[in-house]
Amino acid sequence: MSSQRVYVADFGSDTTKAGFNVDDETPAVNTEPSFVFPTVVGYEKWATFGGGPVLVAEDAVRKRHAFHQMYPIQRGVITRWDDMGLILRHAFEGTHAVDHPVLIADTPLNTADIREQLMRHVFEGWEFPGAYFANQAVLSLYAAGRTTGLAIESGHGVTSIVPVFEGCAIPHATIRLEFGGSDISECLRRLLNARGYHLKTAAEGDTSLGKTRDPAIVQNLKETHCYVSTAFDSEMESRRSEQTFQLPDDESITVTNEHFRCTEAFFQPSSILSLRTANTETSTSSSQQLDGIHRACMESIQRCHPDIHKQLLNNIVLGGANTLFPGLAPRLSAELHSLITSQPPTSTSATTTTSSYSDSSGNGIQVSGPCTVTSTINQRKYSAWTGGCVMASLDGFLLRLISPEEYEERGPALVHRMCY
């Protein structure tokens, strides 16, 4: 392992994670980012065109009743470059980041234009001494101590299923699903509205503090009460006791099955999520999205060479905050098993984070998350960032970096040849 300090940044649709791979005091690789903030820019609602203050990150969230919130990254794609420049400044300024090389976690199947534009910001806007872009899914595998496997990276706005062989992603077998934590939050909100709890979205809320609390309520409920059912149909048919969620103002919300119906969108998005109109932009892999992540996983594996199918099946790694729901790993194992063999799997547990099965041919199926390797559940939430720290600490990583001299000579298109 190298003791070279590298600044690692993972810019997500909802949250940015940043920090150095190692500290000055110890050579041990960091497992949690030192700098986590919302990827949001706020513009004053009543300001005249081009006027008024602009807030970034936590400041924009705190004053959301008076500021329009703009997210420069939509479903993993940078769409507002002026706002993205403010996010980059917030991540880099005052951290001594520009004194060290930078590693940026790159969205799977990111476009060439976006990668080149981000490279321009790195070298022309901030003058880093070196830079490298690494696939988020590959980094999630690094965080789990693997270089070969199937990475399922699910965040706020997008889910990517990426087969990786010996540290290299396989682009033609990568599947991108326009589905993430924001969709599950919206599904939960609509289910609660159907029960009579009229919770608004951030866009629908008015300027009062009371109305704009609603998105935070849904988010809190999702993070504390929701789980993935390992026997969805039987749980829906059974009579379940009500559970009460206490709100900060001493009001309460009572749920019965809403807290596991919303997460069924992982496996039955066509029947659970009816969130988009006919003219909404959809993924190029819409068929897989309608079939669920288990079928998308099998489709991704089948696109790869048969010689590595077993390795991929035995090394499925969950990454991203949207994979933290209890029960997701065993349910995914069971669904994959049912696709491979008609024999039912053995028992599953809704709270287990690792499970494995074997089909009639002896081919094992294992689903796990980086939390089975590291000590806290946050490691899966920050898996891409943590994997970036692992990669940046490897001997020989500095040889991968694009230098300012190389950038000046060959331009931003060099990122496609040097970073893959």
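Let me start with valine 36. Leaving aside its neighbours within four places in sequence, this valine is in contact with Thr15, Thr16, Lys17, Glu58 and Tyr382. Keep in mind that this is a predicted model. Is valine 36 buried, partly exposed or exposed? Its relative accessibility is 31%, so valine 36 counts as partly exposed. From valine 36 to glycine 19 the C-alpha distance is 8.6 Å, with the two residues 17 apart in sequence.

Valine 36 belongs to strand S3, residues 35–38. That brings me to the sheet. S3 is part of an open sheet of 5 strands, ordered S3-S2-S1-S9-S10, with mixed pairing. S3 and strand S10, residues 131–135, are the edge strands, and each of them pairs on one side only. On average, and ignoring direction, neighbouring strands in this sheet are turned by 20° against each other.

Within the sheet, take S1 and S9. Strand S1, residues 7–11, and strand S9, residues 102–106, run parallel and are joined by 3 bridges. Which residue of S9 stands opposite valine 8? That is leucine 103.

Helix H2, residues 81–92, lies across S1, S2, S3 and S9, and runs at about 145° to S1. Helix H3, residues 112–125, lies across S9 and S10, at about 145° to S10.

In general, nonpolar side chains in soluble globular proteins tend to be buried together. Here the largest nonpolar core has 56 residues, and those with the most contacts inside it include Phe11, Phe92, Leu103 and Met391. The largest share of this core comes from helix H15, with 6 residues. Apart from this core lies another one, of 42 residues, including Val228, Cys262, Ile308 and Ala329. Going back to phenylalanine 92, and not counting residues up to four places away in sequence, we find that it touches Tyr7, Phe11, Ala97, Val102, Trp126 and Phe128.

Last, H15 and its packing with another helix. Helix H4, residues 136–143, packs against H15, residues 383–392, at an angle of about 75°, and the axes are 7 Å apart. Angles from 65 to 115 degrees count as roughly perpendicular, and H4 and H15 are therefore roughly perpendicular to each other. On the H4 side the contact includes Val138, Leu139 and Tyr142, and on the H15 side it includes Ala384, Val390 and Met391. What classes of residue make up this contact? There are 7 nonpolar and 6 polar residues, and no charged ones.

Definitions and conventions:
Residues are numbered from 1 along each chain as its sequence is written. This is a predicted model: local features need pLDDT of at least 70, side-chain atom pairs count only at pLDDT 80 or more; totals for chains, interfaces and linings use all residues. Side-chain values use heavy atoms; hydrogens and water are left out. Axes are lines fitted to C-alpha atoms, for helices over the stretch in contact, and angles run from 0 to 180 degrees between N-to-C directions. Helices (H or I, at least four residues) and strands (E, at least two) are DSSP runs, numbered from the N terminus. Angles under 35 degrees count as roughly parallel, over 145 as roughly antiparallel, 65 to 115 as roughly perpendicular and the rest as oblique. Contact means heavy atoms within 4.5 Å. Ala, Val, Leu, Ile, Met, Phe, Trp, Tyr, Cys and Pro count as nonpolar, Asp, Glu, Lys and Arg as charged, and the others, Gly among them, as polar. Buried means under 20% relative accessible area, exposed over 50%, partly exposed in between (1.4 Å probe, protein chains only). Two strands pair if DSSP finds at least two bridges between them. A nonpolar core is a set of buried Ala, Val, Leu, Ile, Met, Phe, Trp, Tyr and Cys residues joined through side-chain atoms within 4.5 Å.
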